[in-house]
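Subject: Structure handover

Hello,

Here is the structure we discussed. My notes follow it; please read them with the coordinates open.

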Amino acid sequence: MLKDITLGQYFPGNTVVHRLDPRTKIVLVLIYIVAMFIAESFASYALMLVVLASAILLSRIRLATVLKGVKPLILVIAITAFLNVFYTSGHILVEFWIFKITKEGIFNAIFMALRIIMLIMGTFMLTYTTSPIMLTVGIEQLLGPLKVIKVPVHELAMMMSMALRLIPTLIEETDKIMSAQKARGADFDTGNLVQKAKALLPILVPLFISAFRRADELAVAMESRCYHGGEGRTRLNVLTMGGRDYISFALAVAVLAGVITLAHFGL
Amino acid sequence: MLIMGDIPQKRKPHRKEKCMSKTPILKIENLTHVYSKGTPFELSALNGINLEIGRGEVIGIIGHTGSGKSTLIQHLNALIKPTDGKIYLDGKDINESKQSVKEARSRVGLVFQYPEYQLFEETVYKDIAFGPKNMRLTPDEIDVRVRASAQFVGIGEELLERSPFDLSGGQKRRIAIAGVIAMLPEVLVLDEPMAGLDPAGRREIMENLMGYHQETGNAMLIVTHSMEEAARYAQRMIVLEHGRVAMDGTPEQVFSREKELKEMGLAVPEMTELAEKLREYGVPLEGTIYTVEQMRDALLSLKGGLQDA
């Protein structure tokens, strides 16, 4: 059951989107986010929708999977849209008591909901098509220039990749411990809040013990392979930008320019 | 000396004579399980398993990594729900209701691989008492069960008030097994109970478990990679491959199909292999051989003939 969590999940594949350099993908997502916030009209939303749809189609990830990422936030989106309906002034359509529903309000609500959904789907496309390891390598390289001002970029990236690497392991471990305690008749679902919190003890204690043990073993394994931080460290797979990266950059800049132009003319 | 026979039991006592009863304690019907159905990670682990586990049987379950052993045993106490098929405990479907699941959990005891990683209490005593406590037994009953099961796995009284985390790996393993035995399950299922232990530790734990089996007459299912151990202790062996039952029979029957076992990537006991080699060289060894003792007897019986050869 815990295995069904999709947070940061990666779906392996070999499409153009998967093969893009992770740095490109991170920058593309940033441009996408900026463009989403600039977009204000039907035309620009249509353009962004085309961008998102082509990314999903190219990656061959099922639409249902991408939409699943939106599901946990449906309530937040609904509330945002709901508030927008009532708190926008303009051409009044319906009026009762202190509530006014305006034409602008309805449009605002739709756009706002669409914007949040498209933002989530767009960013999920990054984690769906990029393995956690590639993602951290990309972030490390993009943040590389910060080393000049003494930001421990390598250490941060190493911690991040380790945390990402250990999430599935910890989930698996939790599953295993839960099963083992259930086999001994443990009950995690019934009882009041205090009882439920107490019921977690048989999971948390072994989980922490094994996490510390694992961290210890990992540290020893790294040291025995002469790990001493990022200095002078090279990579087995060096990232290289290819033709598809430059083409997608060009397209992204074109889309951004298009959205800005559309916004400028108020379309 | 305390023995399990002294334990006051809520359920009907199941003694040796009941082992003779014909109805199986567990019946597995057309069991199928598919992991992560409907995702790119879909994996079919079990494909239509049919098995009957008799009362008081000792069964060795053998199979290559990924053959579905662990998935199968987790179905037996309803930790995993079947994708298709049914499991009957004493004739009742275990996934029928919440109540039946609960009943299955206490009547089918499951010891996972490396069970020492599930210890969590401050003292050995409290950890062993966790299962019986969840069964809502009285403190007196719990006390009797804790002490008896500690004795079964060879944990002395003096260790009961110690912290389980201060003890050695082998002792932790025993305590974890005692924690399941304390629930007095009619079927005890163990997933590689000897993994990672030294030979002496392996033998001791197996002897402890066999002692428990003889005392209570309860059925025991042992998942193992070791053909020698399976052959030595089990009356029946089940070989799994690709989520199907490939073989099911006595050790003699299973080991006589050496070639098929090897094709599955499984080894036969060293003595069986040695016997096979000797036969190839023309030594007329008789019968099925899979233990050192059998090899000795077979060799001794043709001692005269060997000298002539």
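Two strands are taken to pair if DSSP finds at least two bridges between them. Helices (H or I, at least four residues) and strands (E, at least two) are DSSP runs, numbered from the N terminus. This is a predicted model, in which local features need pLDDT of at least 70 and side-chain atom pairs count only at pLDDT 80 or more, while totals for chains, interfaces and linings use all residues. Residues are numbered from 1 along each chain as its sequence is written, and chains are lettered from A and ligands numbered from 1 in the order in which they are written.

Sheet in chain B

E29(B) stands opposite K86(B), a residue of β4(B). Strand β1 of chain B (residues 26–35) and β4(B) are joined by five bridges in the antiparallel sense. The open sheet has four strands in the order β2-β1-β4-β5 (chain B), with antiparallel pairing. At its edges are β2 (43–53) and β5 (92–93) of chain B, each of which pairs on one side only.

Positive phi in chain B

Two non-glycine residues deserve a look. A78(B) has a positive phi of about 65° and sits in the loop between α2 (69–76) and β4 (84–89) of chain B. R136(B), with a positive phi of about 60°, lies in the loop between α4 (124–134) and α5 (139–152) of chain B. A78(B) is buried, since 24 other C-beta atoms lie within 10 Å, the cut-offs being 20 or more for buried, 12 or fewer for exposed, and partly exposed in between, with C-beta atoms placed from the backbone. R136(B) has 11 such neighbours inside 10 Å and therefore counts as exposed.

Helix packing in chain A

Helices α2 (residues 22–38) and α11 (residues 243–264) of chain A pack at an angle of about 10°, with their axes 10 Å apart. Axes are lines fitted to C-alpha atoms, for helices over the stretch in contact, and angles run from 0 to 180 degrees between N-to-C directions. The angle makes α2(A) roughly parallel to α11(A) (under 35 degrees; over 145 is roughly antiparallel, 65 to 115 roughly perpendicular, the rest oblique). Among the residues that meet are L28(A) and I31(A) from α2(A), and F249(A) and L256(A) from α11(A).

Interface

Contact means C-beta atoms, placed from the backbone, within 7 Å. By that criterion, 17 residues of chain A touch 20 residues of chain B. On the chain A side, α8 (153–183) and α10 (201–223) each give two or more residues, and α8(A) has the largest share, seven residues.

Regards

Terms used
Contact = placed C-beta atoms within 7 Å.
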